[in-house]
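Reader: I have a new model open and want to learn to read it. Can you take me through it step by step?

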Amino acid sequence: MDATATATAAATDSAATDDQSPSAAITRWKFEVSRQYQHLLDKTTPFVLYRWIGFFVIALIYVVRVYFVEGFYVVSYGLGIYILNLLIGFLSPQVDPEVLELSEGPTLPTRGSDEFRPFVRRLPEFKFWYSITKAFCIAFVMTFFTAFDVPVFWPILLFYWVVLFTLTMRRQISHMIKYKYVPFSFGKQRYNGKRAAESTSLSED
């Protein structure tokens, strides 16, 4: 019994020592910081307008920084490519209608009498805002390190990005027209109780 009690006490002391070790303290600190950070992000979810105003302020600060430094054009080009990729995800449906059409037939409403299906994005608005804001913050920090200031003729990068943006948006708009969807809620059909009651009475007649 004494040996068992001694072993148990030793194991308890070892566990307590592990909990008080620097690595365990750092792990707990990281978990708490991550939890608090996620809590703050969750609280900002309903405030769409204020979130985007904050983003535009951060983007303006980055643009002013690059303008006065007169460098880091490669960083800006990479940021532009990343933003374009996020924008495509934001404007695209969660499930490609072309794939559904091949496997299950047409799924989007094509007539006014068809059932309305809300547009579900591949990249939700909050994730789009969070990713683009984080990208600008990272790019802003990178402008303080000369290793990222690669000499380059920036008009070529700007021209290439504009061409890439034009071709990508043209393909995306063609995809929207072909499958008859709009990635925004403006002008979409809405139903209220009065209209539903009228439809029910007509069907009964």
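Author: Start with one term: buried means under 20% relative accessible area, and exposed means over 50%. Keep in mind that this is a predicted model.

Reader: Is Ser-131 buried or exposed?
Author: Ser-131 sits in helix α6, residues 125-142. Its relative accessible area is 15%. The cut-off for buried is under 20%. So Ser-131 is buried.

Reader: Which residues does Ser-131 touch, leaving out those up to four places away in sequence?
Author: Contact means heavy atoms within 4.5 Å. With those sequence neighbours not counted, Ser-131 touches Tyr-82 and Leu-86.

Reader: Are α4 and α6 roughly parallel or antiparallel?
Author: Helix α4 covers residues 73-91. Its axis lies 10 Å from that of α6, at an angle of about 175 degrees. Angles over 145 degrees count as roughly antiparallel. Therefore α4 is, relative to α6, roughly antiparallel.

Reader: How many nonpolar residues are in the contact of α4 with α6?
Author: On the α4 side, the contact includes Tyr-82 and Leu-86. On the α6 side, Ser-131 is one of the residues. By class, one residue is polar, one is charged, and the nonpolar ones number 13.

Reader: Within what arc do the buried residues of α3 fall?
Author: In α3, the buried residues are Arg-51, Trp-52, Phe-55, Ala-59, Tyr-62 and Val-66. In an α-helix, residues three or four places apart point the same way, because there are 3.6 residues a turn. The buried residues of α3 line one face of the helix, because seen down its axis they fall within an arc of 90 degrees.

Conventions:
Residues numbered from 1 in each chain as written. Predicted model: local features only at pLDDT ≥ 70, side-chain atom pairs only at ≥ 80, totals over all residues. Heavy atoms only, no water. Helix = DSSP H or I, 4+ residues; strand = E, 2+ residues; numbered from the N terminus. Buried < 20%, exposed > 50% of the residue type's maximum accessible area, 1.4 Å probe, protein only. Axes fitted to C-alpha atoms, helices over the stretch in contact; angles between N-to-C directions. Parallel < 35°, antiparallel > 145°, perpendicular 65-115°, else oblique. Nonpolar A, V, L, I, M, F, W, Y, C, P; charged D, E, K, R; others polar. Arc of directions from axis to C-beta.
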